[in-house]
2 protein chains.
Amino acid sequence: MTKENLSIAPETLARFADLLGPKGFTDDPDAIAPWTSDWRGRFHGKAAAILSPADTAEVSAVVGLATELRIPLTPQGGNTSMVGGATPPADGRALILSLRRLNHIRSISAADNIAVCEAGVILSTLHDAADGVGRRFPLSLGAKGSATIGGLISTNAGGTQVLRHGTMRALVDGIEAVLPDGSIFSGLDPLKKDNRGYDIKQLLIGAEGTLGIVTAASLRLVPAIAARAVGWVGVESPAAALDLLRLIEGELGDSVEGFEVVADDGLGHVLDYLPDARCPIETRTPWHVLIEVDHATSGDPTPGERLEAALGKAMEAGIAIDAAIAVNESQADAFWRLRESLSPAEKAQGPALQFDISVPVARMPAFMVEEAAAAMARFPGTTASSFGHLGDGNVHFHVRAPAGTGDGPAWIAAQGKEISAFVHDAVVAAGGSISAEHGIGQMKRAELGRLAGPARLSALRAIKAAFDPLGLMNPEKLIPLPGEG
Amino acid sequence: MTKENLSIAPETLARFADLLGPKGFTDDPDAIAPWTSDWRGRFHGKAAAILSPADTAEVSAVVGLATELRIPLTPQGGNTSMVGGATPPADGRALILSLRRLNHIRSISAADNIAVCEAGVILSTLHDAADGVGRRFPLSLGAKGSATIGGLISTNAGGTQVLRHGTMRALVDGIEAVLPDGSIFSGLDPLKKDNRGYDIKQLLIGAEGTLGIVTAASLRLVPAIAARAVGWVGVESPAAALDLLRLIEGELGDSVEGFEVVADDGLGHVLDYLPDARCPIETRTPWHVLIEVDHATSGDPTPGERLEAALGKAMEAGIAIDAAIAVNESQADAFWRLRESLSPAEKAQGPALQFDISVPVARMPAFMVEEAAAAMARFPGTTASSFGHLGDGNVHFHVRAPAGTGDGPAWIAAQGKEISAFVHDAVVAAGGSISAEHGIGQMKRAELGRLAGPARLSALRAIKAAFDPLGLMNPEKLIPLPGEG
């Protein structure tokens, strides 16, 4: 590949190269190429260089220089965004600001249940470090081997443990960031109570790097799991699944850590996809629930005994049709493998549009049933279904192309916009969010502009303009463009 | 009292009177007078009228008119601010915007664990309503009979249940607010996951009415308490108290709802103040801890049995010196009465300066001991001590005037600024916050300006200017003035 200087003058690049030295600067096109597209290959940009500062002071210097020279920056961690949030603009006017060299766990304390991590620490590295001190960091997701702490904070990431432990927002006790003027916001001290005005920490969480660069965070650890029980329950409907959740919570309190719902046809796809797998219960009920209960202490009664008693009550009450509890860890893992294989199994069924949406929990059971039917009626031949975190009011809602559709991209190009608008309109009508977990990035920006109310849109734009009047922080992300809404 | 039109023209007042009608407008000086000072009588302002809209639409109209006419508004709920946050400016240029007529609980659902309350609902009214549906709202404080939901949200209120349930921030699942341009931000739908950009809800919580007017909120309810155990434990030091908390949390998980620490001399003042009270344990240890453990389900083992087992381990480990568990509800109430009498008992000892501060939990034990000693050394004759929410890293730190000081206000006038600066400097040095629970209001504004770092100050000012460029929302509160920092 050959160098393109794009719109950035060589003397400008030289300023950054001088500032960061050879370890912190590359303009080698082959080194840059993997980082100019998202991992799903949907978004493509250009960048003349990757800037890789080594520490917070260097991030501050880079941001200060970028502001002086009016060069936009696209911050990047593991480049695992689901919405094109880390892909630079197509015109090459921005440089990539990689946080991957800020990869130190500055401190970790079991006594205080706190890990202070730099932005570039990879999630699985933090998991291992917490494990090493007898604690755990209770947030995980598929990309844990690549996703970085800075990116997880900037997208307010979720996962399967949100029901009990919340999203990233609930796990960040303190934050350090470089603001667009290059100043360092030093808020790492983990204060449980702090009412010194607007919560800048909360504002930076989920801001997708558009207000500044998160450089480090104090993250909350929780006790390691001493004992767990994993159950599989067959139910009649999503409404019964929600009744089951309420019953289980009433019996087991805060110890319910996983509660995932899947339709029987989704399970069928998984069983086709995993030839050695089997349905954990004998009855093939219309819907299924995976439950995990965790205790930090082992003792009487065990989580398994407590879950068994609760499921007994659910059967008596007619909420559960059939149920099984994993008899050992390997069976528990097998239950979870069914859940974790849903995405690839659905993918094997053919091209589909996937929506990461939320509605108030109480409305979700009806939404799952009624909106799937409505989508299939509106777009004949498609198959619509959803699965996931019912207890969070968040499911993955899929609309699959008609059977036999060979060219997925062509189908998406032809139908995607209309189907997306249909699903998003239903979400808004149900009081929900068109982005539950993944953020807005560039993928959902126009839809946010179309659907956000005027008060929300003007607040988003006012905050952006206040922090970043030159528009240099992660350009073309999150904030709808003037024509969009 | 006679009417003063202050700086507001009669025709301007007439516009508001016409808009709101007789129930929503008063310029009667006798009706206004109680609301122009804070309840502790420290801050005094003036206002030509109180505006009392009946619903969100009227709030929107009032704010729109105020913006059109450039009239500042001082929002007010129960007027229970500890920092002068609801007192209008002294020059009378602002009108009071009372939210007290927005006093409806729009809906309450035990199944969904949600109550949708308007801003003027009084906290104890919500407690009763939650109780009526078999749930509870787990935040309480001394002013619960006057404090309103809007004020509690706008100050991110705390209390004694924060350890388990968090501050108001953790209990607000959705928010409705009128922004300074009169637009209505409709965010009441309780979404557990919502990544549509900057979290406007979080920004409005704790904003003290300076960015807009909170008109309603969706609040999280939790299960009613089925069984509780209350214990009193004697320990050697705050450090031992923190070790005790960690041990108890390890044994009892998330069920620890109260953990309050008090020095033995503070307990002595309470016992002097309450002649019929006695120390719950036989040994008078240097420090004492009050613990409450709550279960939503009654069953084996009971909270009392579990707490007893945990305290047994604490005694074996040498962490606890002596311990008692209340044998019935009336004894449990008597334990709590000791804690709740600390403020009046301390007050009876003579004039004092009180500081609402937080530091990281791990640093709090040393802070309590060392900074009390440092303050007494620096200001001879004073007595410094602290008590409260050790598990939140938040204590009430008091510096009492030398024995025999007759004129409290004169002592405060002479010494207050210097002592405040001394304590606040120590808090900042320990990585803490000069306002843990009470907010900034007008009382702590100058100290925030002196002590906040430049990045924090410029972020606060940028957000304020972005939302409220005319400076009409709760003027002279929270944001340090140009000369202040």
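This is a predicted model: local features need pLDDT of at least 70, side-chain atom pairs count only at pLDDT 80 or more; totals for chains, interfaces and linings use all residues.
Let's start with the interface: chain B and chain A bury about 5,500 Å² between them, 57% of it on carbon and sulfur atoms. Buried area here is the accessible area, with a 1.4 Å probe, that two parts lose on being put together, summed over both. Residues are numbered from 1 along each chain as its sequence is written, chains are lettered from A and ligands numbered from 1 in the order in which they are written, and side-chain values use heavy atoms, leaving out hydrogens and water.

So who takes part? Chain B brings 70 residues to the contact and chain A brings 70, where contact means heavy atoms within 4.5 Å. On the chain B side that's 29 nonpolar, 23 polar and 18 charged residues.

Between the two chains you get eight salt bridges, meaning a Lys or Arg side-chain nitrogen within 4 Å of an Asp or Glu carboxyl oxygen. One to look at on screen is Arg363(B) with Asp189(A), at 3.2 Å, N to O.

How are the copies related? Chain B goes onto chain A by a rotation of 180° with 0.0 Å of shift along the axis, RMSD 0.0 Å, superposed by least squares on C-alpha atoms of residues with pLDDT of at least 70 in both. That's the relation of a two-fold axis. Both copies use the same surface, with 100% of chain B's contact residues recurring in chain A.

Now inside chain A. The domain assignment gives domain 1 (10-98), domain 2 (105-223), domain 3 (227-342) and domain 4 (350-429); those bounds come from an automatic or database assignment. Domain 3 of chain A and domain 4 of chain A bury about 1,100 Å² between them, 69% of it on carbon and sulfur atoms. On the domain 3 side, Pro238(A), Leu242(A) and Val261(A) lose the most area to domain 4 of chain A, together 37% of what that side buries.

Definitions and conventions
Ala, Val, Leu, Ile, Met, Phe, Trp, Tyr, Cys and Pro count as nonpolar, Asp, Glu, Lys and Arg as charged, and the others, Gly among them, as polar.
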